[in-house]
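Open your viewer and get ready to click along. We will go from stop to stop, selecting a few residues each time.

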Amino acid sequence: MKSKRVAKPWFFVIFVLILALSYCAFFGISDYHGDTKKVYIKGADDIRWGIDIRGGVEAVFSPDKEGVEITNDDMQSAKAMLETRLVNQNITDYEVEVSNANHQVIVRFPWAADESNFDAQGAIEELGATAKLSFYLGSDNSGEAFMDGAVVKKADYTYDTQNNYGYIVTLKLNSEGKEAFAKATSEAAQSGQSISIYMDSTNISTASCSEAITGGEAIIHGNFTEESAKALADKINAGSLPFALTVDNSKLQIVSPSLGSDALDVMLIAGAIAFAFVCILMIVFYRVNGVVAAFALLGQLAGSIACISGFFPGASSFTLTIPGIAGIILSIGVGVDCNVIAAERIKDEFRKGKTIDGAIDSGFKNSLSAIIDGNVTIVIVSIVLMGAFGTPDSFLAKVFSPIMSIFGTSITGSIYSFGYTLLVGVIFNLIMGVLASKYMLKSVSQFKFLRNPAFYGGKKNG
């Protein structure tokens with residue numbers, strides 16, 4: 001069967017798209033209106049580096065009111081509120097500890113990407129304000145809230161045996177909340193709408209409602225584990241805390257990066273040299289295949305940086321740690337492996353007497369199963385790492401919660417960062433190393449001066 005050729009311009013189209021993605025991912029697009037910087041596309045400068053790379057802040061939060069009875073549950077709710085706000089800012093590399101005896105919450109988190117004066121006081125201002133809990137009719141917060149956290153007396157969790165719901169979250173409301181909740185649930189039951197709960201601007205629960213709830217007490221049930229039920233109860237209680245959190249300035253500290261201030265620059269320079277060296281080796285060993293592979297690797301790296309910096313619409317900047325950088329490096333290694341497998345398969349096809357077009361087609365076809373198998377395995381590992389070490393609110397954490405609850409809660413931002421960068425790197429490897437490489441190689445092979453098998457691993461014509 002005759003191989004289907006790819007038009008020559010496709011090489012240049014894909015090449016220009018890779019260069020454009022690389023420029024925007026690394027440098028972003030912005031301009032200045034007077035002294036104000038307007039960012040249109042985020043670049044590598046907008047990446048929030050983890051504490052281990054750039055350092056950060058350690059703050060001690062305490063309730064701002066005296067004479068108010070503060071329970072251990074209140075402190076856990078305060079912790080849940082702080083964690084939610086950190087996640088809202090896409091800060092996954094954080095540590096939050098509670099001292100019930102001293103009524104203190106100790107928080108450590110990295111500097112913001114644009115932080116230049118390292119103002120520790122300014123970095124923690126938004127975290128300690130009183131959390132705003134709001135209840136909405138419907139699945140989002142586009143309308144007006146029908147009640148807030150002030151009407152919640154208590155949220156708790158328990159195991160339900162009467163209806164076999166498993167773990168549930170219970171709500172107790174005051175008289176004002178009882179009236180507002182009865183009216184909203186009656187309307188929801190009639191219209192088939194749901195009831196949503198938001199902390200600040202983050203949805204923490206959306207539940208269906210089959211009947212009006214008029215007694216001032218309600219339950220939320222679903223596929224809860226003990227930990228996820230407790231986490232939701234803590235967050236609801238955080239929105240009804242009678243106090244805000246203040247910072248003890250005498251205990252406010254700047255956390256130094258574990259690698260030192262110049263380590264990041266050294267790491268980036270070393271990474272650039274290693275990347276260039278790998279590309280040169282690919283070109284030396286595989287000629288035109290190596291040139292195409294180098295462009296594909298550049299596109300893969302640019303795609304990974306774009307996913308971290310917040311380049312894509314709807315994606316915010318991600319906290320990048322040292323293990324996260326390791327994830328990028330490992331994914332590049334997987335990308336090299338992908339291109340080497342394809343190039344070697346093409347060589348094998350030339351040994352069988354195939355033409356250039358036939359060798360390229362058969363080479364990519366025969367290498368696909370090995371490439372897919374290796375990449376899918378890494379994708380699964382990455383997803384498990386993100387589910388096991390991510391925040392309880394994340395989709396993956398909820399998916400894996402029935403399994404991970406056996407081992408207890410473990411939020412480790414550095415490992416989550418590794419899983420994330422490895423995942424996005426492998427996804428872009430499949431896009432660039434399989435699709436882009438194939439079409440670029442098939443396109444460039446149509447140029448007359450490159451119609452020689454020797455350029456692709458075969459024997460020289462004549």
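Are Asp361 and Lys442 buried or exposed? Both Asp361 and Lys442 are buried, where buried means under 20% relative accessible area, exposed over 50%, and partly exposed in between (1.4 Å probe, protein chains only).

Before moving on, a word about the model. It is a predicted one, in which local features need pLDDT of at least 70, side-chain atom pairs count only at pLDDT 80 or more, and totals for chains, interfaces and linings use all residues. Residues are numbered from 1 along each chain as its sequence is written, and side-chain values use heavy atoms, with hydrogens and water left out.

**Stop 1**

Keep Asp361 and Lys442 selected: their side chains meet in a salt bridge with an N to O distance of 2.6 Å. A salt bridge here is a side-chain nitrogen of Lys or Arg within 4 Å of a carboxyl oxygen of Asp or Glu. Asp361 belongs to helix α10 and Lys442 to helix α12, so the pair ties together parts that are 81 residues apart in sequence. Helices (H or I, at least four residues) and strands (E, at least two) are DSSP runs, numbered from the N terminus.

Now select Asp357 and Arg451, another salt bridge, with the closest N and O atoms 3.1 Å apart. Asp357 is in helix α10 and Arg451 in the segment after α12 (413–444), 94 residues away. Asp357 counts as buried at 10% relative accessibility, while Arg451, at 28%, counts as partly exposed.

Stay on helix α10 (residues 356–389) and pick Ser362. Ser362 is buried, at 18% relative accessible area. Leaving out residues up to four places away in sequence, Ser362 touches Glu349 and Lys354; contact means heavy atoms within 4.5 Å.

**Stop 2: Phe11**

Next, go to helix α1 (residues 9–27) and select Phe11. With a relative accessibility of 12%, Phe11 counts as buried. Which residues does Phe11 touch, not counting those up to four places away in sequence? They are Phe295, Met440, Ser443 and Val444. The C-alpha atoms of Phe11 and Ser443 are separated by 5.4 Å, although the two are 432 residues apart along the chain.

**Stop 3: a three-stranded sheet**

Select β9, β10 and β13, which form an open antiparallel sheet in that order. Two strands pair if DSSP finds at least two bridges between them. β9 (152–160) and β13 (217–221) are at the edges with a single partner strand each, so one side of each has no neighbour in the sheet. Strand β10 (residues 166–173) is joined to β13 by five bridges, and Thr170 has Ile219 as its bridge partner in β13.

**Stop 4: a hairpin**

Select β5 (residues 95–99) and β6 (residues 104–110), an antiparallel pair with five bridges. They form a hairpin with four residues between them, and His103 in the turn has a positive phi of about 55 degrees. Glu97 stands opposite Ile106 in β6.

**Last stop: helix α7**

Finish on helix α7 (residues 263–286) and select Val284. Val284 counts as exposed, at 57% relative accessibility.
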